[in-house]
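Here are a few friendly notes to read alongside the model. Keep the 3D view open and look up each residue as it comes up.

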Amino acid sequence: QVQLVESGGRFVQAGGSLRLSCAASEHIFSNDVLGWFRQAPGKEREFVAAMGRKGLYYADSVKGRFTLSSNNATNTVYLRMNSLKPEDTAVYFCAASPFVTTTPAGYLYWGQGTQVTVSS
């Protein structure tokens, strides 16, 4: 059974930090690229970061502020978000793809999302 479950989103003030978690089913965690996307109200879903077999990938808007990591024992990918800005406010989704891509259409499986709200 494919499963992606995000957690960790909450309200935070600008300049603060959060760590989002994505718990994946073992098959997905072991074989697929795990990516993070976000979607703000009225905007399209946008790529944030992805963890592939050969490396980590970040959108320019978060490079230097967000960091991916993982825990192989728990099949969990983390997105550490520092120096948060109001424009980071969005629902954050974890997704799985068979290959590295920044396009949402390339991801076959999605979690339910977790809300991040950054106040100014």
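1. Let's begin inside the protein. Both Asp88 and Arg38 are buried. Please keep in mind that this is a predicted model. For Asp88, the relative accessible area is 0%, and for Arg38 the value is 5%. Residues count as buried when this value is under 20%, which is why both carry that label.

2. What do Asp88 and Arg38 form with each other? They form a salt bridge, and their closest N and O atoms are 2.8 Å apart. Asp88 sits in the loop between strand 8 (76-81) and strand 9 (90-97), while Arg38 belongs to strand 4 (residues 33-39), so this pair ties together parts that are 50 residues apart in sequence.

3. Asp88 has another partner to look up. The side chain of Arg65 also meets Asp88 in a salt bridge, at 2.8 Å from N to O. This pair links distant parts of the chain, 23 residues apart: Arg65 is in the loop between strand 6 (55-58) and strand 7 (66-71), and Asp88 is in the loop between strand 8 and strand 9. With 10% relative accessibility, Arg65 counts as buried.

4. Now go back to Arg38, whose side chain also meets that of Glu46 in a salt bridge (2.6 Å, N to O). Is Glu46 buried or partly exposed? Its relative accessible area is 34%, so Glu46 is partly exposed. The model's count comes to 4 salt bridges.

5. Next, have a look at the backbone. Asn75 is buried, at 16% relative accessible area.

6. Ser83 is another residue to check for its backbone angle. Although Ser83 is not a glycine, its phi is positive, about 50°. You will find Ser83 in the loop between strand 8 and strand 9, and it is partly exposed, with a relative accessible area of 41%.

7. Finally, turn to the surface. Val2, Leu108 and Tyr109 form a nonpolar patch there, and together they have about 270 Å² of accessible area. Val2 lies in the segment before strand 1 (4-7). With a relative accessible area of 37%, Val2 is partly exposed.

Note on methods. Residues are numbered from 1 along each chain as its sequence is written. This is a predicted model: local features need pLDDT of at least 70, side-chain atom pairs count only at pLDDT 80 or more; totals for chains, interfaces and linings use all residues. Side-chain values use heavy atoms; hydrogens and water are left out. Patches are made of residues with over 30% relative accessible area and no salt bridge: like charges are joined within 9 Å, nonpolar side chains (Val, Leu, Ile, Met, Phe, Trp, Tyr) within 5 Å. Accessible areas come from the Shrake-Rupley method with a 1.4 Å probe; for residues, only the protein chains shown count as cover. Helices (H or I, at least four residues) and strands (E, at least two) are DSSP runs, numbered from the N terminus. Buried means under 20% relative accessible area, exposed over 50%, partly exposed in between (1.4 Å probe, protein chains only).
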